[in-house]
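Please walk me through this structure step by step.

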Amino acid sequence: MKKHNFSAGPCILPQEVFQEASQAVLNFNNSGLSILEISHRSKAFVDVMEEARNLSLELLGLKGKGYQALFLQGGASLEFLMVAYNLLEKKAAYLNTGTWADKAIKEAQLFGEVDVVASSKDKNFNYIPKGYKIPKDADYFHCTSNNTIFGTQMKRFPATSVPLVCDMSSDIFSRQMDFSKFDLIYAGAQKNMGPAGTTLVIIKDDILGKVTRKIPSMLDYKQHIEKESMYNTPSVYPVYVSLLTLRWLKAQGGIAAIEKLNKKKAVLMYSEIDINPLFKGFTANEDRSIMNATFNLKNESLKDQFDKMWKEAGIIGLNGHRSVGGYRASMYNALPLESVQVLVDVMGDLERKA
Ligand SMILES: *Cc1c(COP(=O)(O)O)cnc(C)c1O
């Protein structure tokens, strides 16, 4: 039986994508070759890379607006330092909304002054700070759109004259936004757009070339742009599976359509958390993530019973991150509404039985 997969990442992808991806391992586009054995310089793969780059920009509404899309390696974690390497000359402003933001800050501190404009550490990152000021002389402002571990999500982004950099690893392609407000966006693929092994980086050309330090080629966005995301051997298979996922998203009606479904799932999930007297949400209501819902049992003695019930219902990946405890339901694009319904039904059952 197919599981109801609430894992935080790597995570569920569309079933159709698994089918097509597995076919390509045996015989890629009827070429008589596996995608795993073709040259990354072959036309077949160059076409994959080009389509993946173009489709990313198209889905985000950034085509023809001076942006480049790259599929790099090293995860979002390498972007923590690449961003600073390429953009941080003197001072950068960062918003600390949790573990990943904190790691980005630590890397940036290796390259220059980091002004942490606000932090929600005082309440174990259960809210998004507001009303902070971004210094006008900062080289850029860095934020994390969705905090995967804590289950908070930025609903608004500050209006600022400095370049806006955002880690969108866990909510890229999940909701509509004016993406042209951002100068650099990065996302590890394994949360909402593909398998582990590649990172999408979207860069506005004109923010590069402003730092004086020398940048090693592999860490230099300009090099990767010049080489059309093929400076070295890219992660062929993860890029291909990401492309399949992006094609799937387009066929669903793009971000607008998937956002509607994501909101439905979130409403169903949070309504149960709010109505069911056995549970409480972890985050401030106005900052709730539509991707990762974090919640706890009010009475820990029901834990074994609840865990047994959701496991029996075919649910996996529901345990919260160790820094939060409790539960986390990750409801990425490919998770069907029915899976959320199954979880909500189990929570209702627990209420009746407890
Ligand atoms: C998972 C995650 C990361 C780390 O991604 P890696 O690809 O494992 O380096 C960074 N930021 C956010 C918001 C994440 O969810």
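The shell around the ligand divides into three nonpolar, eight polar and two charged residues. Here Ala, Val, Leu, Ile, Met, Phe, Trp, Tyr, Cys and Pro count as nonpolar, Asp, Glu, Lys and Arg as charged, and the others, Gly among them, as polar. This is a predicted model, in which local features need pLDDT of at least 70, side-chain atom pairs count only at pLDDT 80 or more, and totals for chains, interfaces and linings use all residues. Residues are numbered from 1 along each chain as its sequence is written, and side-chain values use heavy atoms, with hydrogens and water left out.

Which residues come nearest to the ligand? Of the 13 around it, they are Ser77, Thr148, Asp167, Gln190 and Lys191. A residue is near a molecule if one of its heavy atoms lies within 4 Å of it. Helix α3 (residues 75-87) gives the largest share of the shell, four residues. Helices (H or I, at least four residues) and strands (E, at least two) are DSSP runs, numbered from the N terminus.

Now look at the polar contacts. Such a contact is a pair of N or O atoms within 3.5 Å; within protein, one must be able to donate a hydrogen and the other to accept it, and residues adjacent in sequence count only if both atoms are side-chain atoms. An N or O atom in the side chain of serine 77 is 2.6 Å from an oxygen atom of the ligand. A polar backbone atom of alanine 76 is 3.0 Å from an oxygen atom of the ligand. A nitrogen atom of the ligand has a polar side-chain atom of aspartate 167 at 2.6 Å. The ligand taken alone exposes 380 Å², and the protein buries 88% of that. These areas come from the Shrake-Rupley method with a 1.4 Å probe; for residues, only the protein chains shown count as cover.

Next come the rings. The structure holds twelve aromatic pairs. Rings of Phe, Tyr and Trp (its six-membered ring) pair if their centres lie within 6.5 Å; planes under 30 degrees apart count as stacked, over 60 as edge-to-face and the rest as tilted. Take phenylalanine 279 and phenylalanine 306. Their ring centres are 5.1 Å apart and their planes lie at 65°, so the pair is edge-to-face. Phenylalanine 279 lies in strand β11 (residues 279-281) and phenylalanine 306 in helix α8 (residues 303-312), so the pair ties together parts that are 27 residues apart in sequence.

Buried means under 20% relative accessible area, exposed over 50%, and partly exposed in between (1.4 Å probe, protein chains only).

Phenylalanine 306 has another partner. Its ring centre is 5.0 Å from that of tyrosine 327, with the planes at 90°, so this pair is edge-to-face. Tyrosine 327 sits in strand β14 (residues 327-330), 21 residues from phenylalanine 306. Tyrosine 327 is buried as well. One aromatic cluster is formed by Phe279, Phe295, Phe306, Trp310 and Tyr327. Phenylalanine 295 belongs to strand β12 (residues 292-297). Its relative accessible area is 0%, so phenylalanine 295 is buried.

Some rings have a charge over the face. This requires NZ of Lys or CZ of Arg within 6 Å of the ring centre and within 35 degrees of the ring normal. Lysine 311 lies over tryptophan 310, at 5.2 Å from the ring centre. Lysine 123 lies over tyrosine 127, at 5.8 Å.

Turn to arginine 175, in the loop between β8 (164-167) and β9 (184-188). At 7% relative accessibility, arginine 175 is buried. A polar atom of its side chain lies 2.7 Å from the backbone oxygen of methionine 154. The arginine 175 side chain also makes a polar contact with the side chain of aspartate 171, at 3.0 Å.

Last, the backbone. Most residues other than glycine have a negative phi, and most peptide bonds are trans. The peptide bond from glycine 9 to proline 10 is cis, with omega near -5°. Asparagine 30 has a positive phi, near 55°. Its relative accessible area is 70%, so asparagine 30 is exposed. Serine 229 also has a positive phi, of about 65°. At 3% relative accessibility, serine 229 is buried.
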